[in-house]
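The points below may be read beside the sequence and the three-dimensional view.

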Amino acid sequence: FSLSEISLNVQNPPTEISIIPEEMVKPDWGLPEVKYGFITRSELDDLPHNHSCDVIGLVTFVGRSERARKREHSEDFWLYRWAHAIDGTSDQPFILELFATSQPGVFEHIHPLTYLVCTQMRVIRGLTENPSRTVYLTTSNESQIFITGWQKGQPYTKDAKVKNFIQWMKSQSEADQIKKTVIGGYYPFPQPPDSFLKY
């Protein structure tokens with residue numbers, strides 16, 4: 001990912017930042033459109049390791065919050081949780097490793113049957129006999145997470161794959177989907193082999 005750094009005056013004159021509402025942005029300013037790269041679950045298995053993508057899905061599983069050390073022998077921890085989301089294009093869900101970002105209100109409110117949008121996710125491919133079983137997505141420094149109720153007015157709502165997902169959701173029965181949902185518990189991933197000999 002390419003990063004941009006903006007250096008602002010910290011002393012004289014003091015810096016003033018104004019946030020301009022989208023409807024007041026003039027076309028002659030020539031600002032680039034926000035680009036999204038939404039993928040479907042059926043496309044995920046063909047993507048290379050470390051590829052950046054955006055996803056939308058219905059949450060069917062969310063694990064408990066877990067901690068991982070930022071560095072060995074460090075007192076600092078990353079907070080993360082595993083989630084599954086489906087989009088109707090595959091029998092397999094998106095497996096998502098979601099790290100707590102600067103959006104704690106969203107991170108704590110990821111529940112089954114919520115719509116989940118994750119932008120700037122990275123594809124992580126496990127080097128096993130069956131790579132499609134160990135492919136998952138993890139958040140990057142640029143990731144943003146949106147859930148039901150936080151999506152209104154977002155520019156990605158115009159994306160064709162997002163519209164297709166919403167159409168698919170309208171054809172689903174909430175009662176059928178709720179039978180497939182799970183919350184909490186320990187989620188070992190990648191899964192250990194089925195036999196001790198393979199382990």
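**Notes on the predicted model**

1. The accessible surface of the chain comes to about 13700 Å², and carbon and sulfur atoms account for 52% of that area. The coordinates are those of a predicted model, and the remarks that follow should be read accordingly. Of the 199 residues in the chain, 34% count as buried.

2. On secondary structure, the chain has four helices and seven strands. Read from the N terminus, the order of elements is α-β-β-β-β-α-β-β-α-α-β. Among contacts with a separation of 6 or more, 64% are made by residues 24 or more positions apart.

3. The largest nonpolar core deserves attention next. In general terms, nonpolar side chains in soluble globular proteins tend to be buried together. Here the largest core holds 22 residues, and those touching the most other members are Leu44, Leu96, Leu98, Ile110, Leu116, Cys118 and Leu137. Two or more residues of this core come from each of the strands β1 (52-62), β3 (77-86), β4 (94-99), β5 (115-124) and β6 (136-147). Another core lies apart from it and comprises eleven residues, including Val117, Phe146, Tyr156 and Val162.

4. When neighbours within four places in sequence are set aside, isoleucine 56 is in contact with Phe38, Asp87, Phe94, Leu116, Val117, Val162 and Phe165.

5. How many salt bridges does a search of the whole structure find? The search returns two. One of the bridges joins the side chains of arginine 41 and aspartate 45, with an N to O distance of 3.3 Å. Its two partners fall into separate accessibility classes: arginine 41 is buried, with a relative accessible area of 4%, whereas aspartate 45 is partly exposed at 33%.

6. The other salt bridge is formed by the side chains of glutamate 43 and lysine 161, at 3.0 Å from N to O. This pair links distant parts of the chain, since glutamate 43 sits in helix α1 (residues 41-44) and lysine 161 in helix α3 (residues 160-170), 118 residues apart. Glutamate 43 is partly exposed, with 30% relative accessibility, and lysine 161 is likewise partly exposed, at 29%.

7. A disulfide is, in general, a covalent bond between the sulfur atoms of two cysteines. In this model the count of disulfides is zero. Cysteine 53 takes part in none, and the nearest cysteine sulfur, belonging to cysteine 118, is 9.6 Å away.

8. Asparagine 50 has a phi near 75°, a positive value in a residue other than glycine. The residue is placed in the loop between α1 and β1 and is partly exposed, with 41% relative accessibility. Glutamine 120, also not a glycine, has a positive phi of about 55°. Glutamine 120 lies in strand β5 and is partly exposed at 25% relative accessibility.

9. The surface also carries a nonpolar patch. Ile20, Met24, Val25, Trp29 and Leu31 form this patch, and together they have about 480 Å² of accessible area. Among its members, methionine 24 lies in the segment before α1. Methionine 24 counts as exposed because its relative accessibility is 53%, and the exposed class begins over 50%.

Note on methods
Residues are numbered from 1 along each chain as its sequence is written. This is a predicted model: local features need pLDDT of at least 70, side-chain atom pairs count only at pLDDT 80 or more; totals for chains, interfaces and linings use all residues. Side-chain values use heavy atoms; hydrogens and water are left out. A salt bridge is a side-chain nitrogen of Lys or Arg within 4 Å of a carboxyl oxygen of Asp or Glu. Buried means under 20% relative accessible area, exposed over 50%, partly exposed in between (1.4 Å probe, protein chains only). A nonpolar core is a set of buried Ala, Val, Leu, Ile, Met, Phe, Trp, Tyr and Cys residues joined through side-chain atoms within 4.5 Å. A disulfide is a pair of cysteine sulfur atoms within 2.5 Å. Patches are made of residues with over 30% relative accessible area and no salt bridge: like charges are joined within 9 Å, nonpolar side chains (Val, Leu, Ile, Met, Phe, Trp, Tyr) within 5 Å. Accessible areas come from the Shrake-Rupley method with a 1.4 Å probe; for residues, only the protein chains shown count as cover. Contact means heavy atoms within 4.5 Å.
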